[in-house]
Amino acid sequence: MGDYITAKVFRYDPDRDEKPYFKSYRVEADGQMSVLVLLDRIQREMDQTISFRSYCCGLQTCKSCLMKINNKKQFACMTVVQPGEEVVLEPVTYPDNHLKDLVVRASDKE
Amino acid sequence: MNIPSHDRMTCDVLIIGGGGSGALAGLEASEGGKLKVILASKGPISQSGLTPTGNGGTAFSGSIEHLFKNMVTAGNYLNDQDVIWSMFSQTQDAIEKLKRIGVTVTPLGPHGICVPGVETLSLARRELSKRSNVVLLEDVLITRLIHENGKIIGAVALDLITAELFEIVATAVILTTGGIAGELYPRTSNNPFGITTDASGTGHVMAYQAGAHLIDMEMMAFVPLPTDPRCLNLRYFPEFWRGPYLNRHGDVVESDIEGYLGGSYSYLFLQKLAREFEKGNGPVYVDQRAMEKPDHVSGIRAWDRRRRYIKSLGIDPNENRIELAIGSHFCMGGLYVNEKTETTIPGLFAAGEIMGGVHGGLRLPGYSFTQMIVFGFIAGRQAADYATGVLKTGESSSYQIVEKERERIFNFLEQKRNPVSLRALKNRLQREMERDVFIFRDKAGLERALEEIGKIREEVTRIQVPSFKRFNLDWVRAVEFSMMVEGAEIIARSALYREESRGFHYRRDFEGRDDRRWLKHTVVHLQGGNLTLDTAPVVLDRMRPEE
């Protein structure tokens with residue numbers, strides 16, 4: 001059946017963690033969802049300590065949710081995951097500009 | 001853009017909010033390099049707030065008279081006419097300024113132009129970053145305004161990365177914090193894909209707490225929204241809202257959306273939809289399957305991309321019926337300002353959605369971008385002039401205010417004996433707002449809402465969020481929530497006060513517009529620590545309702 005999506009998420013809080021690690025979340029999914037919705041669900045329902053830029057412009061233009069999804073730089077708002085799939089989520093840069101988990105400092109460069 | 005370590009920063013002009021109005025105010029205030037400008041935004045500019053979610057439609061036809069008349073008619077005469085006349089008189093100038101920083105302005109239909117939100121913000125951000133007299137504080141939330149002797153003298157800021165709380169001393173402050181509609185209701189157009197943009201109205205509440213007057217806060221716009229959050233983007237395209245609208249029995253609720261001023265944004269249409277739901281005829285659908293396919297050629301890349309994405313999700317409204325609910329959209333009420341964006345407190349300015357008296361009882365689509373752009377520039381200029389002309393405040397004694405704020409904000413991280421969950425409390429507030437401060441209102445419901453809001457307020461100090469400090473989403477939301485509760489009360493009290501029906505404010509116990517008694521603003525302000533209600537005249541210097 002595969003009614004779950006597994007998200008392996010890069011975690012690192014420089015204030016509290018010695019080094020980065022990955023944490024897996026098994027998220028109930030009755031249908032496809034975008035990576036951003038998946039993260040929103042994890043933060044709301046499973047683990048409030050996770051940090052990501054939750055903001056969504058809905059246009060795939062603001063770059064707020066840009067991250068490495070399965071090792072490829074992509075927009076979390078427009079990248080869809082199917083039930084049964086596993087997805088690996090990492091910050092778009094690390095250690096440069098990295099702040100916490102999937103959050104990096106907004107850069108001046110386009 | 002590293003934030004220097006600090007307990008206190010100083011500037012001539014502080015801008016709070018990183019949307020369109022804030023960024024453009026920043027450009028204008030820092031022009032010439034003389035004044036030190038700080039722009040504080042809770043997210044990165046161009047990656048936060050509602051400006052990037054907008055489709056850029058901006059009301060701007062050849063005739064000021066035409067736009068003006070549209071706005072006043074739609075707003076049911078609750079617009080301050082000197083303010084909006086001034087807005088249209090200066091739109092051309094504002095557009096020229098945008099073009100100068102490289103913004104692509106595209107003509108759009110007979111009444112407007114497209115000013116792309118993200119592009120405008122990215123270009124403004126790049127320009128601001130280059131200026132040595134500008135400090136961009138991104139990922140910084142302003143939590144309180146500091147005032148002394150009736151003047152604004154600064155603000156308290158929380159760095160969301162380092163969790164440092166610090167004071168910003170400023171001669172002039174511009175509030176460009178946007179709207180209050182999004183977070184107060186369970187459903188809202190403000191959240192693409194159902195993901196919150198955190199439109200919490202913190203600016204409204206901070207200004208109120210500092211003594212500023214807010215007007216017409218009962219004027220909250222609602223819109224039909226797809227129940228499937230993936231479809232929220234359909235809102236951006238009028239071609240998906242032509243109708244017909246059918247109820248669950250297949251009966252036509254509305255077939256002529258063009259007949260309404262404002263189309264699917266019309267309060268008359270929303271009242272019609274709400275009645276269907278009340279009669280148990282919901283859900284309502286927009287069903288365009290039998291309609292001729294609309295012409296899609298827009299030439300605007302972001303729109304085409306959005307359309308393609310909608311289609312890729314299998315939710316093409318030309319091939320599916322779309323189930324609808326009603327959600328919040330925009331608050332027409334806000335800070336009491338004049339055409340110079342001056343609020344009722346010296347040194348405090350406001351631009352963008354936070355302004356009251358611009359749209360009156362209904363905001364027409366496209367008119368908020370005009371407001372954002374024009375008043376963003378005006379506020380920047382006015383605040384700069386004020387900061388240049390006024391005697392600088394000396395050393396203030398804000399230490400205690402900052403420490404009190406520190407205690408309040410860090411309390412959310414503390415372990416509690418009987419904690420409440422932020423989510424549960426927020427859901428409670430949103431449900432209450434949807435039940436009693438929604439499309440139809442009456443005295444009993446509004447009083448019930450005020451009672452419930454009062455109970456929720458008592459629980460705010462029991463909110464407990466995870467205790468880490470760096471980029472803690474729930475912590476920020478808890479801080480914002482504490483202000484939302486105040487905002488909810490302000491709205492409910494204003495709604496109870498206006499004893500008539502006008503625009504989006506519909507009182508079951510006071511049906512019909514009553515120009516004799518209520519062609520005026522409701523005013524809310526804090527006096528002696530109490531919420532105080534009052535009225536103020538509307539500026540009707542160009543157009544009056546027919547007697």
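Predicted model: local features only at pLDDT ≥ 70, side-chain atom pairs only at ≥ 80, totals over all residues.

Let us start with helix H1 of chain A, which covers residues 35-46. Its 12 residues reach 15 Å from the first C-alpha to the last, close to the 16 Å expected at 1.5 Å a residue. Which residues of H1(A) are buried? They are Val35(A), Leu36(A), Val37(A), Leu38(A), Leu39(A), Asp40(A) and Ile42(A). These buried residues pack against several strands of chain A, among them S1 (4-11), S2 (21-28) and S7 (86-90).

I turn now to the contact between the chains. Chain A and chain B contribute 31 residues each. On the side of chain A that touches chain B, H1 and strand S8 (98-100) each supply at least two residues. H1(A) gives the most, with 5 residues.

Finally, chain B itself. The assignment divides chain B into domain 1 (8-219 + 331-389), domain 2 (221-328) and domain 3 (399-537). Between domain 2 and domain 3 of chain B, the C-alpha centres lie 30 Å apart. Their contact takes 7 residues from domain 2 and 5 residues from domain 3. On the domain 2 side, strand S11 (220-226) and helix H8 (267-278) of chain B are the elements giving two or more residues. The largest share, 4 residues, comes from H8(B). The domain 2 side divides into 6 nonpolar residues, 1 polar and no charged.

Thank you for your attention.

Terms used
Residues numbered from 1 in each chain as written. Chains lettered and ligands numbered in written order. Expected span 1.5 Å × (residues − 1). Buried ≥ 20, exposed ≤ 12 C-beta atoms within 10 Å, placed from the backbone. Contact = placed C-beta atoms within 7 Å. Domains from an automatic or database assignment. Nonpolar A, V, L, I, M, F, W, Y, C, P; charged D, E, K, R; others polar.
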